[in-house]
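Here is a short tour for a first-time reader. Keep the sequence and the 3D view open side by side.

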Amino acid sequence: MLIYTPKITSRIQYSFQLIFGTVWNSKYEITDDIDYFLSYSDIKLNYSNKRLANECFLKSYGLLSEKGISDQEIIFEKWNELPTFFHVKDSILPFDIFSASFYLVSRYEEYLPHIKDHYERFTAKESLAFKNGFLHRPLINLWLKEFKKCLLSYFPILEFPENKFTYQSTIDIDNAYYFLEKGFVRTAASFIRSAIQMDKVSINERKDVLLGHLPDPYDTFEYQLALNEKYGVDVVYFVLLADYGLNDKNCSVHSRKFQLLIKHLSDHAKIGIHPSFASNKSFDTLSMEKKRLENVLKKEVKLSRQHFLKLEIPKTYRNLLELSITDDYTMGYAAHLGFRASICTPFYFYDLEIESATKLKVHPFAVMDATFKYYLKSSPDEALKDIQLIVDEVKSVDGHFISLWHNETWSDYKEWKGWIHLYEQMLQYIKK
């Protein structure tokens with residue numbers, strides 16, 4: 001397809017690549033040569049503010065010709081039962097799908113003033129998607145499904161490569177062990193605290209685990225590996241290798257057992273860094289944690305997901321790019337299910353402040369175990385029903401579904417009692 005636009009901006013290049021290249025994997029060409037476009041005899045699309053002849057015309061709203069960040073007037077209407085904004089007239093679509101998709105994927109709204117939560121994060125409740133009831137839907141993919149039908153009605157000979165539903169499991173290791181590998185000081189303090197509270201059960205459990213009489217409840221890794229092998233699951237582990245702090249409480253990074261665990265997991269899955277909460281305040285800390293993981297694995301680390309999902313756009317992504325991270329998996333919300341960028345296809349980050357596409361690929365996740373347990377207060381059965389609805393949405397557009405789990409969810413211990421089977425139930429639903 002040949003696409004005409006009066007001026008080829010970086011936003012236009014990015015948006016067309018997102019839709020035609022990243023999501024559709026289709027061939028296309030952009031031109032600003034009006035004579036070349038008019039003389040072109042094959043499939044073509046005019047993306048501008050006025051029709052040229054009798055061609056297929058999609059009117060531009062104007063966002064992709066702008067520079068900088070400013071408040072946008074967002075008014076919602078319905079098109080084919082889908083919410084839309086940036087409306088236009090006398091066009092093959094009633095809205096500018098390129099501008100609207102760019103607004104959502106670039107996270108334009110996260111650059112604007114907004115209220116943050118107590119961890120200084122952008123929240124779902126501040127988003128267009130939550131406020132307008134489409135957070136649980138990959139709206140861009142749904143738009144593109146209808147747009148494809150529209151184009152095929154104009155150009156029946158147009159061919160699109162077939163996409164298929166795919167799934168990737170991601171697992172965060174915030175705390176590899178509940179009792180083990182915490183060091184003498186932390187372990188002694190835990191014994192003393194349990195003694196003051198007269199908690200004989202915790203004292204006996206800790207003692208039995210430390211003496212090797214019982215397995216550590218959070219050491220669920222062999223069970224995970226067996227499940228993922230059984231269902232043929234593609235897995236990425238993200239490992240927290242931080243110094244001890246208020247929000248960073250994993251095992252000691254110097255623990256030989258912990259390092260051997262990481263190496264063992266790397267034989268079966270991809271491994272990424274889980275940058276600590278503290279690393280958000282210090283680039284040197286972020287760099288140090290990445291080097292720690294590379295020293296354990298003896299290879300360069302390219303994947304990342306922020307601990308506590310603490311994502312500050314564009315600062316976080318710029319820091320990751322500076323450290324040669326190629327893929328980030330933080331795009332999602334802690335307190336709500338759904339699609340933070342309204343898409344279920346991995347995409348490249350666009351930095352609005354410098355008006356440039358980057359080489360950092362963003363992998364949006366849609367469900368997290370902790371969301372159900374700590375924020376929604378769901379039961380495992382209720383969680384499964386919500387997961388199934390999200391999976392159905394992604395399957396309807398042949399998209400990519402990513403889940404986020406933690407190793408303690410399989411422990412069947414304390415607050416996670418009764419949650420051990422949810423992951424396998426999710427896999428069974430995905431695979432059927």
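The model is a predicted one.

In general, strands of a sheet pair through backbone hydrogen bonds, either parallel or antiparallel. Here, strand 1 (residues 2-4) pairs with strand 3 (residues 44-48) in the parallel sense, over 3 bridges. Look for isoleucine 3: leucine 45 in strand 3 stands opposite this residue.

**Serine 15**

Next, find serine 15 in helix 1 (residues 10-23). Is serine 15 buried or exposed? Serine 15 has a relative accessible area of 2%. The cut-off for buried is under 20%, so serine 15 counts as buried. Its side chain reaches the backbone oxygen of arginine 11 at 2.9 Å. Leaving aside residues up to four places away in sequence, serine 15 touches Leu64, Phe98 and Phe102.

**Two helix contacts**

Now turn to helix 10 (residues 256-266). Helix 10 packs with helix 9 (residues 221-230) and also with helix 11 (residues 283-297). The table lists the values for each pair.

| Helix pair | Angle | Axes apart |
|---|---|---|
| Helix 9 and helix 10 | about 5 degrees | 12 Å |
| Helix 10 and helix 11 | about 70 degrees | 9 Å |

How do helix 9 and helix 10 lie, roughly parallel or roughly perpendicular? Angles under 35 degrees count as roughly parallel. Helix 9 is therefore roughly parallel to helix 10. In this contact, Phe221, Glu222 and Leu225 of helix 9 meet Leu261, His264 and Leu265 of helix 10. By class, these residues divide into 4 nonpolar, 1 polar and 1 charged.

The pair of helix 10 and helix 11 falls in another class. Angles of 65 to 115 degrees count as roughly perpendicular. Helix 10 and helix 11 are therefore roughly perpendicular to each other. Helix 10 brings Gln259, Ile262, Lys263 and Ser266 to the contact, and helix 11 brings Leu293, Val296 and Leu297. The contact of helix 10 with helix 11 has 4 nonpolar, 2 polar and 1 charged residues.

Conventions. Residues numbered from 1 in each chain as written. Predicted model: local features only at pLDDT ≥ 70, side-chain atom pairs only at ≥ 80, totals over all residues. Heavy atoms only, no water. Pairing = 2+ DSSP bridges. Helix = DSSP H or I, 4+ residues; strand = E, 2+ residues; numbered from the N terminus. Axes fitted to C-alpha atoms, helices over the stretch in contact; angles between N-to-C directions. Parallel < 35°, antiparallel > 145°, perpendicular 65-115°, else oblique. Contact = heavy atoms within 4.5 Å. Nonpolar A, V, L, I, M, F, W, Y, C, P; charged D, E, K, R; others polar. Buried < 20%, exposed > 50% of the residue type's maximum accessible area, 1.4 Å probe, protein only. Polar contact = N/O pair within 3.5 Å; in protein donor to acceptor, adjacent residues only side chain to side chain.
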